[in-house]
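User: Please take me through the fold of this protein chain and a few of its residues, giving the cut-offs behind each term.

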Amino acid sequence: MWQPIVGFHRDEHGDWVADLACGHGQHVRHRPPWFNRPWVETEQGRRDMLGTTLWCKRCEDGEPPPEKTPIATGSSA
Ligand SMILES: [Zn+2]
């Protein structure tokens with residue numbers, strides 16, 4: 001499921017994690033040559049990525065967001 005980026009934070013290892021609108025986080029590592037995201041290293045680069053979408057696998061897997069989502073739709077099957 002595509003989710004827009006609403007913010008960024010670093011995890012305990014110092015890796016950047018994009019905060020998605022659904023409440024999930026997704027690593028956006030800059031580890032060339034495997035992960036080439038030089039933009040994540042700069043504040044300007046991260047700001048430019050706000051509002052762009054990332055594919056959220058956790059949403060696809062039906063994983064509930066880590067934080068409060070009081071609106072229960074009852075469709076957990
Ligand atoms: Zn998600």
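The turns below go from the overall fold to the strand pairing and then to single residues.

User: What kind of model is this, and how are residues numbered along each chain?

Analyst: This is a predicted model, in which local features need pLDDT of at least 70 and side-chain atom pairs count only at pLDDT 80 or more, while totals for chains, interfaces and linings use all residues. Residues are numbered along each chain as its sequence is written, starting from 1.

User: Which pattern does the protein chain follow along the sequence?

Analyst: Helices (H or I, at least four residues) and strands (E, at least two) are taken as DSSP runs and numbered from the N terminus. On that basis the secondary structure of the protein chain comes to two helices and four strands. Read along the sequence, the pattern is β-β-β-α-β-α.

User: In which order do the four strands form the open sheet?

Analyst: Two strands pair if DSSP finds at least two bridges between them. The pairing in this open sheet is antiparallel, and the order of the four strands is E3-E2-E1-E4. The edge strands, each of which pairs on one side only, are E3 and E4 (53-55).

User: How large is the average twist from one strand to the next?

Analyst: Axes are lines fitted to C-alpha atoms, for helices over the stretch in contact, and angles run from 0 to 180 degrees between N-to-C directions. From one strand to the next, the twist averages 55°.

User: How many bridges join strand E1 to strand E2, and which residue stands opposite Phe-8?

Analyst: Strand E1 (residues 2-10) and strand E2 (residues 16-20) run antiparallel and are joined by five bridges. Ile-5 of this pairing stands opposite Leu-20 in E2. The residue in E2 opposite Phe-8 is Ala-18.

User: Which residue in the turn between E1 and E2 has a positive phi?

Analyst: E1 and E2 form a hairpin with five residues between them. In that turn, the residue with a positive phi, of about 85°, is Gly-14.

User: Which residue takes a positive phi in the hairpin of E2 and E3?

Analyst: E2 and strand E3 (residues 25-27) pair in the antiparallel sense over three bridges, and Val-17 stands opposite His-27 in E3. Their hairpin has four residues between the strands, and the one that takes a positive phi, near 105°, is Gly-23.

User: What is the bridge partner of Gln-3 in E4?

Analyst: E1 and E4 also pair in the antiparallel sense, over three bridges. The partner of Gln-3 in E4 is Leu-54.

User: Why does Cys-22 count as partly exposed, and which residues is Cys-22 in contact with?

Analyst: The place of Cys-22 is in the loop between E2 and E3. A residue is buried if 20 or more other C-beta atoms lie within 10 Å of its own, exposed if 12 or fewer, and partly exposed in between, with C-beta atoms placed from the backbone; Cys-22 counts as partly exposed because it has 18 C-beta neighbours inside 10 Å. Contact requires that the C-beta atoms of two residues, placed from the backbone, lie within 7 Å. Leaving aside neighbours within four places in sequence, the contacts of Cys-22 are Gln-3, Cys-56, Cys-59 and Pro-65.

User: Where is Arg-29 placed, and how far apart are the C-alpha atoms of Arg-29 and Val-40?

Analyst: Arg-29 has its place in the loop between E3 and helix H1 (43-49), and counts as partly exposed because it has 15 C-beta neighbours inside 10 Å. Leaving aside neighbours within four places in sequence, Arg-29 is in contact with Asp-15, Trp-16, Phe-35 and Arg-37. Arg-29 and Val-40 are 11 residues apart along the chain, and the separation of their C-alpha atoms is 7.5 Å.

User: Which residue does a cis peptide bond join to Pro-32?

Analyst: The omega of this cis bond is about 5°. Its second residue is found in the loop between E3 and H1, and that residue is Pro-33.
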